[in-house]
Amino acid sequence: MLAAFEVTAGVRPSGQLVRWCTDDVRSTLRRQLALETSGGQVPDRRPGFPGARVLSVRSSAPDDGHVESAVTVAIGTRVRAVALRTEPLGGRWRVTALEIG
């Protein structure tokens with residue numbers, strides 16, 4: 001989860017999330033990075049990037065084999081909402097849908 005925010009901040013390449021996210025989710029993260037930087041803002045790539053902290057997690061299992069979660073994350077002074085869906089794929093849990101607000 002926290003690594004996803006590092007991708008949107010330009011600190012971590014999306015390819016490092018191959019084991020934990022589907023191609024669609026990594027594409028979403030790359031689009032989020034493009035949106036974050038389209039306003040002329042340069043991503044914070046300095047050492048000591050203000051890491052994200054998970055403030056709360058609410059999860060439910062709508063059916064067997066799927067878990068949906070709502071997460072509140074703090075990055076520096078900013079608080080973000082995240083919705084994600086995880087499914088078992090290839091013997092491990094992977095994020096198959098992700099929305100960052």
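Student: Which residue takes a positive phi in the hairpin of β2 and β3?
Tutor: In this predicted model, strand β2 (residues 66–75) and strand β3 (residues 78–89) pair in the antiparallel sense over 9 bridges. Their hairpin has 2 residues between the strands, and the residue there with a positive phi near 60° is Gly76.

Student: In the hairpin of β3 and β4, which residue in the turn has a positive phi?
Tutor: Strand β4 (residues 92–100) runs antiparallel to β3, to which 8 bridges join it, and Trp93 in β4 is the bridge partner of Pro88. This hairpin has 2 residues between its strands, and the turn residue with a positive phi of about 60° is Gly90.

Student: Which residues are linked with Arg85 in a network of salt bridges?
Tutor: Glu68 forms a salt bridge with Arg85, their closest N and O atoms being 2.4 Å apart. That pair links distant parts of the chain, since Glu68 lies in strand β2 and Arg85 in strand β3, 17 residues apart. The side chains of Arg85 and Glu87 also meet in a salt bridge, at 3.0 Å from N to O, and the residues linked with Arg85 in the network are therefore Glu68 and Glu87.

Student: Is Arg26, which forms a salt bridge with Asp23, buried or exposed?
Tutor: The closest N and O atoms of Arg26 and Asp23 are 2.4 Å apart, and the two residues, 3 apart in helix α2 (residues 23–38), are separated by about one helical turn. Because the relative accessible area of Arg26 is 10%, and the cut-off is under 20%, Arg26 counts as buried.

Note on methods. Residues numbered from 1 in each chain as written. Predicted model: local features only at pLDDT ≥ 70, side-chain atom pairs only at ≥ 80, totals over all residues. Heavy atoms only, no water. Pairing = 2+ DSSP bridges. Helix = DSSP H or I, 4+ residues; strand = E, 2+ residues; numbered from the N terminus. Salt bridge = Lys/Arg side-chain N within 4 Å of Asp/Glu carboxyl O. Buried < 20%, exposed > 50% of the residue type's maximum accessible area, 1.4 Å probe, protein only.
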